[in-house]
Amino acid sequence: KWGYFPAVSAGWRISNEAFMSGSPVISNMKLNVGYGELGNQNVSAFQYLNIYRKDRRYFINGNPVTGSRLGSFANPNITWETAKTLNILLETSFLDDKLVLNVAYFDKKTSGMLVSPVRNYTAGNETAIPQQNSGEMSNKGFELELSYGNQKGDFGYNVGMNATFLKNKLLALSDGIPYLESGVSRTYVGEPIASFYGWKTAGIYQNQGQIDNDVNIAEDPRKGSITPGDVIFVDTNGDKLVDNEDRVNIGDGNPTALLGFYADFSYKGFNLSLLFSGALGQELYDEMMMRGINAPETDGADKVMLERWTGEGSTNKWPRMSTTEFNQNYRYSELGLKSGNYVRMKDISFSYSLPATFLDKLKLGQSKVFISGRNLLTFTSFDGTDVEETGRSNLSRGVIFNNYPTSKTITLGLDISF
């Protein structure tokens, strides 16, 4: 198997043109345009071949015999995903390059996405089904970078920020694949990847009268099993019962903007560096919290159950604790949504470079002492394990599974050169 992925780029240094010469403000201006195609080979190998496995034992005439079976079907037409990307970048600097502003537009279209097809169980349950090229995805947006730096005597500084604004959309899927699914996340054509699909909620049933008069479940066969303290789920399609047909888009795990900020200050031998990152417009779905409001769940109860419903008027948010699951209070719903907005101090470093006169006496080269920290501060309303958890795959972005959190680190050191 082989692929052909061309690329081309061009640049125009506008500041060198006659009409820009002598500008007292603009130091540099350059326009860059690039187009390229790239193949994705980060997929399972040999999917274009039938794979046989020798891993089953049988008894023939009382004697054990190891047999072979078809372990994976072949897809002879499988090929690489192809990402076609257009980049347009305007680089500018002002005031003798002290002020820098870069603006970029990108448009990336991925075609031939490798997607696992819906399994037809007449083909058996143990034989693997190869992926197929059956989708198109669009990612487009803008990137901004702004920085300013200067040196005044012994004091120097450089501060800057960057932001990325991204729009993601699934453009197409092959016939027979209505959507891609991973737990609470679904991806439909025309929507962002890994949107959250679940049930809308309207509070907690406070008494039996609410249940008896609720039009959402007027014809729901579960109505007799629902009790005060259960979650009120909304009948979104108007058929007077709550079922899978009422599962709708309740959120998006893709951020509207990714942010970065950095600063570097120096004075004589001292240096202070800071780096922050963040995200805006992002929702998270706390899968582990939702499991924790289900009493029989083996992962343990969540702390929100300390605020559970204990009687009429006690709360209108968290359900009662119960070992019965008739209403499935823990099902995918708006209860699991949390804001994923955050700003985190990724790095901070403070150092002092030892004076050359002192180092010469010790016959040492440039040396410094420093203290640094990583992930020391996070500003967010998210109360889960780690706001930067990204889910287990692209199809479950923004789903919190309580993976090992980002660790905080403080380092004290001495850097010596001889």
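The second largest pocket has a volume of about 360 Å³. It is lined by 21 residues, and G253, P255, L258, Q282 and T390 are the closest to its centre. By class, the lining of the second largest pocket has ten polar, eight nonpolar and three charged residues.

Some ground rules follow. This is a predicted model, in which local features need pLDDT of at least 70 and side-chain atom pairs count only at pLDDT 80 or more, while totals for chains, interfaces and linings use all residues. Residues are numbered from 1 along each chain as its sequence is written, and side-chain values use heavy atoms, with hydrogens and water left out.

A pocket is an open set of points on a 1 Å grid over the protein atoms alone, with protein on both sides within 12 Å along at least five of seven lines; a cavity is a set where a 1.4 Å probe fits but cannot get out; lining residues have an atom within 4 Å of a point. Volume is the space filled by probe spheres on the points, which are joined across faces, edges and corners. Nonpolar means Ala, Val, Leu, Ile, Met, Phe, Trp, Tyr, Cys and Pro; charged means Asp, Glu, Lys and Arg; the others, Gly among them, are polar. Helices (H or I, at least four residues) and strands (E, at least two) are DSSP runs, numbered from the N terminus.

**The largest pocket**

How much space lies in the largest pocket? The volume is about 770 Å³. Its lining has 32 residues, and N40, E81, M113, I193 and N394 lie nearest the centre. Several strands take part. At least two lining residues each come from β2 (26-40), β5 (81-94), β6 (99-111), β7 (114-115), β9 (135-152) and β11 (180-182). Strand β2 gives the largest share, five residues. Sorted by class, the lining of the largest pocket holds 14 nonpolar, 13 polar and five charged residues.

**The cavity**

How many cavities of 30 Å³ or more are there? The count is one. About 100 Å³ of space lies in this largest cavity. It is lined by 14 residues, with S322, T324, E325, N329 and Y330 nearest its centre. Seven of the lining residues of the cavity are polar, four are nonpolar and three are charged.

**The nonpolar patch**

Nine names make up a nonpolar patch on the surface: L90, L101, V103, F142, L144, L146, M161, F165 and F261. Together they have about 670 Å² of accessible area. Strands β6, β9 and β10 each give two or more residues to the nonpolar patch. The largest share, three residues, comes from β9. M161, one of the patch residues, has its place in strand β10.

Patch residues have over 30% relative accessible area and no salt bridge; like charges are joined within 9 Å, and nonpolar side chains (Val, Leu, Ile, Met, Phe, Trp, Tyr) within 5 Å. Accessible areas come from the Shrake-Rupley method with a 1.4 Å probe, and for residues only the protein chains shown count as cover.

**Salt bridges**

The structure holds 15 salt bridges (a side-chain nitrogen of Lys or Arg within 4 Å of a carboxyl oxygen of Asp or Glu). K140 pairs with D107, with 3.9 Å between the closest N and O atoms. That bridge links distant parts of the chain: K140 sits in strand β9 and D107 in strand β6, 33 residues apart. R222 pairs with D220, and here the closest N and O atoms are 3.1 Å apart.

K338 and D286 also meet in a salt bridge, at 2.8 Å from N to O. K338 is in strand β20 (residues 337-339) and D286 in strand β19 (residues 283-286), so this bridge ties together parts that are 52 residues apart in sequence. Are K338 and D286 buried or exposed? Both are buried. R344, K346, D386 and E388 are linked in a network of salt bridges.

**Buried or partly exposed**

Buried means under 20% relative accessible area, exposed over 50%, and partly exposed in between (1.4 Å probe, protein chains only).

| Residue | Relative accessible area | State |
|---|---|---|
| K140 | 35% | partly exposed |
| M161 | 34% | partly exposed |
| D107 | 22% | partly exposed |
| R222 | 19% | buried |
| D220 | 6% | buried |
| M289 | 2% | buried |

M289 lies in helix α2 (residues 287-291). Its C-alpha atom is 5.7 Å from that of D302, although M289 and D302 are 13 residues apart along the chain.
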